[in-house]
Amino acid sequence: METLFYVVPALMIAVASCAAVAVIRRSVRVGRAWNSGLTAEARCLRTYTTTSGGGDSSVHTTLHHVYEFTTREGRGVRFEEQGGPGTTLEGDIVTVHYPADRPEHATARPPAPGRLAAGTGCLLAFLGTFILFAIGFMVVTHAMFSAVGDFPQP
């Protein structure tokens, strides 16, 4: 029984840590694309939405775009991006930014480094607070088990 009070928070910490790594990777990837200075005209090949939730929770819809462009070297690249503008439709031409060594990591989002840093910082602050809360829960639980010896068995 006591193990449950350590395992569950440890799993929550692991999930939050993975989420933090994903947030940092996304931020670095988009920042590298913007800072590369390389742009190309891309055509939106497809737009679609995915939904999650429902039942007792709210429904969340995410808009996806599939783009295709040609690099300066003549290589054709197709990539998908989540959360783009709803005004971009199939067949539209947009400007994409991409790093020379990884053009598949392109982005159609216009450069906004301040907004990217603020969003990344807020998400990391939230995840860090969540992790600290879970660690605090484990410490308090350990102190309670140490003081009492163990919860009474039914």
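Is Phe-145 buried or exposed? With a relative accessibility of 6%, Phe-145 counts as buried, since the cut-off for that class is under 20% relative accessible area. This is a predicted model.

- In β4, Val-94 stands opposite Ala-42, and Ile-93 is the bridge partner of Arg-43.

**The nonpolar cores**

- The largest nonpolar core comprises 13 residues, and those with the most contacts inside it include Ala-42, Phe-79 and Val-94.
- Strands β1 (39–52), β2 (60–70), β3 (76–82) and β4 (93–97) each give two or more residues to this core.
- The contribution of β1, three residues, is the greatest.
- Phe-79 touches several residues beyond four places away in sequence, among them His-65, Tyr-67, Phe-69, Val-96, Glu-104 and Ala-108.
- A second, separate core has six residues, including Ile-13, Ala-16, Ile-131 and Ala-134.

**Helix α1**

- Helix α1 covers residues 4–35; at 1.5 Å a residue, its 32 residues should span 46 Å, which agrees with the 46 Å between its end C-alpha atoms.
- The buried residues of α1 include Pro-9, Ile-13, Ala-16, Ala-20, Val-23, Ser-27, Val-30 and Trp-34.
- An α-helix has 3.6 residues a turn, so residues three or four places apart point the same way.
- The buried residues of α1 pack against β4 and α2 (113–148).
- Ile-24 also lies in helix α1, but is partly exposed, with a relative accessible area of 41%.
- The C-alpha atoms of Ile-24 and Thr-120 are 7.1 Å apart in space, although the two residues are 96 positions apart in sequence.

**Aromatic pairs**

- The count of aromatic pairs comes to six.
- The ring centres of Phe-5 and Phe-137 are 6.4 Å apart and the ring planes lie at 35°, so this pair is tilted.
- This pair links distant parts of the chain, with Phe-5 in helix α1 and Phe-137 in helix α2, 132 residues apart.
- Both of these residues are partly exposed: Phe-5 has a relative accessibility of 25%, and Phe-137 has a relative accessible area of 36%.
- Phe-5 also pairs with Phe-145; their ring centres are 5.8 Å apart and their planes are at 65°, so the pair is edge-to-face.
- Because Phe-5 lies in helix α1 and Phe-145 in helix α2, the pair ties together parts that are 140 residues apart in sequence.
- Ring pairs link Phe-5, Tyr-6, Phe-137 and Phe-145 into a cluster.

Note on methods: Residues are numbered from 1 along each chain as its sequence is written. This is a predicted model: local features need pLDDT of at least 70, side-chain atom pairs count only at pLDDT 80 or more; totals for chains, interfaces and linings use all residues. Side-chain values use heavy atoms; hydrogens and water are left out. A nonpolar core is a set of buried Ala, Val, Leu, Ile, Met, Phe, Trp, Tyr and Cys residues joined through side-chain atoms within 4.5 Å. Buried means under 20% relative accessible area, exposed over 50%, partly exposed in between (1.4 Å probe, protein chains only). Helices (H or I, at least four residues) and strands (E, at least two) are DSSP runs, numbered from the N terminus. Contact means heavy atoms within 4.5 Å. Two strands pair if DSSP finds at least two bridges between them. The expected span of a helix is 1.5 Å times one less than its number of residues. Rings of Phe, Tyr and Trp (its six-membered ring) pair if their centres lie within 6.5 Å; planes under 30 degrees apart count as stacked, over 60 as edge-to-face and the rest as tilted.
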